[in-house]
Amino acid sequence: MSLSSIKGTLKQTLQKTVNLSLSVIIGASGLAVAAPFLFSQSAMADSNTTTFDSFNTGSVNGQNGWSATGPYDESIVDNSGNKALRVSDSVTSGSFGDWVFAAPLANSVGENSADNHFEMQFDIAAAGQSDPAGSHVSVSPDRGDGSRMSYLRFEYQADGIHVFFDDVSDAGPIGTTATFNETDIATMTKTASHNIKLTMDTLTGPSNDIVNVYIDGSLVHTGTSWENYYRYDSEASAEQSPRPVDTMIIQARGTAQPGDLGFLFDNVSLSSSVTTITVPDSGGNTTVNNATPTAVVTSPSQPVNVTVTNGTSNAGVDYSALKANPSDNFVQVPATTIQTQSANVQIQAGTTVTASGSWNGVIIAPTVQTNASVTIPTPSGTSTTIGTVIEVGSSSVSLTFDQAVRILIAGQAGQLVGFVRNGVFTQISTVCTANDPSTQLSANGDCYINVGSDLVVWTKHFTQFVTYARNNNYVVQPGDTFYIIAQKVGLTLAQLEALNPQAGHPAGNFSLILPGDILNIGSASAVSLTSATKPSTSSSAGSNGEVLGTTTPVAKALSTSTTKPAATVASAAKASSGKILGMQWYFWLVTLAILATAGYGIYRYAEGTETK
Ligand SMILES: [Ca+2]
Ligand SMILES: [Ca+2]
């Protein structure tokens, strides 16, 4: 049937001119192909899709499982073979069971059902362009008798089709009157078709169902269901419990607008499956696992504790419901703890998380990565051993925070630590102050501190974090001098000498070392492998004599060699550079004496000093 014949059919039916757009219906059919459904692995999951293309024109009632037994303005219309369902508010009623119902799923979705994740998706377009403001239809998940568990209303207004969402707040007990919260969630153009998807997770217990509404592929709203209306409101006393759903109802209630053309529906898909999300309980606690890897946070104030079951893939915390605008790339989050076997992340209350680009609001829980996934710059003659590599945040965007986040890496106290961003390794060389490191960190800053047997990083960004150790042994390379080695490994000359009293030829003669000699450069220490060549630019105001005094022998040597005991590692290194100069002059004189009395050494300490 051609567009003109659709118009003719509608004109016959409605006695008015129809302005049905060809592009609207074609557009509607085009969207269906690109609208995949996500299923869990549940054997119970099922789905159905209706294109209407095999339907007969006229009422949808009785066709392929659809029903519409009331005297309403609904009909299958045809555009050159692409058929669609048109429903208007030309006739309205407060009844339920006789409205338009989609072909039901085999498996219903509900708190007491095997499946607890429901999706309904469809294309919708204006059937005409001249319906007056207020013309509307509503669409809801339902079980076939009008027991709606959520609600979307599409309503013509001067600036387009407004989409209203209603959910229910009712804390109970039974007999309490529910409050229906209506939100105007979107305004869609009237001249194009739009794809609508509503997902509903019916989680066990009150006040915790999650309903998400997507328009043209983008999440536009997150709310809850009508579960508490059925659970508590006296209107539901005949059956005081949340309803399962297996279909979708299309209806028009309220004021009728006779002659309206209403809306076209096409490519209606329904599905049931097992949810992949969990929500915090009344205490804010939840555990994620492979079946439900995502914890969804809907309260902006309740602290959340997420425990990640060991072995969970793609565990994450979804804050998208807290975004002021779903398209925002930032969100303010409540106090959050994410506990995994290898790490513990603590985000402070009220922290704003900002993404470097478009972001779905999900923070991926710390995940252990392979050691081979990072490369740490290692000076020749030395080797490093990677302890733990964890990735946290997002694999697609960089996440930053306006308040420092605490990341505890279990069992890694005493290790060196750094992070990898965009493939570039950066050592975290600043030691945190013992208290309130938030004030210590600049934007994108980091510091670390040993806490018991664990290593804690305070940071304002998420990425890959790496703990590692430098091996004690350094193999003397051709051209090396004590001075060059000290520079390579980030020690002062005095520290290197203190660690190697038996080095040199003869022992104690540091001016003569040979390739292949083994020097002790300390183990994991507070001293940076790279600080000698890449001096820290963080002029931290913090200090931590305790850490310096309680870590490795190298750190102890450092704390005794510096003239500023309270200085941080970074500033201590700087302070000791003056000492290096002092030692250089001393050893220069020694070297001259050695050269004068013992002839030429193959490897001269003086080489190092000449470069200063
Ligand atoms: Ca169709
Ligand atoms: Ca629930």
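These notebook entries record what I looked up in a predicted model.

**Conventions.** I number residues from 1 along each chain as its sequence is written, and chains are lettered from A and ligands numbered from 1 in the order in which they are written. For this predicted model, local features need pLDDT of at least 70 and side-chain atom pairs count only at pLDDT 80 or more, while totals for chains, interfaces and linings use all residues.

**Overall.** I find 9 helices and 33 strands in the chain (DSSP runs numbered from the N terminus: helices H or I of at least four residues, strands E of at least two). Of the 612 residues, 47% count as buried (20 or more other C-beta atoms within 10 Å of the residue's own, with C-beta atoms placed from the backbone). Among contacts with a separation of 6 or more, 67% join residues 24 or more positions apart (contact: C-beta atoms, placed from the backbone, within 7 Å).

**Strand S30.** I looked up the partners of S30 (residues 454–462); strand S26 (residues 399–409) runs antiparallel to S30, joined by 7 bridges. Strand S29 (residues 446–451) also pairs with S30 in the antiparallel sense, over 6 bridges (strands pair if DSSP finds at least two bridges between them). Val-456 is the bridge partner of Leu-408 and also of Ile-449. S29 and S30 form a hairpin with 2 residues between them, and Gly-452 in the turn has a positive phi of about 60 degrees.

**Open sheet.** I traced an open sheet of 8 strands with mixed pairing, in the order S15-S17-S19-S24-S25-S31-S27-S28. S15 (277–278) and S28 (424–427) stand at the edges with a single partner strand each, so one side of each lacks a neighbour in the sheet. S15 pairs with S17 (residues 294–296) in the parallel sense over 2 bridges, and Ile-277 stands opposite Thr-294 in S17.

Methods. A residue is buried if 20 or more other C-beta atoms lie within 10 Å of its own, exposed if 12 or fewer, and partly exposed in between; C-beta atoms are placed from the backbone. Two residues are in contact if their C-beta atoms, placed from the backbone, lie within 7 Å.
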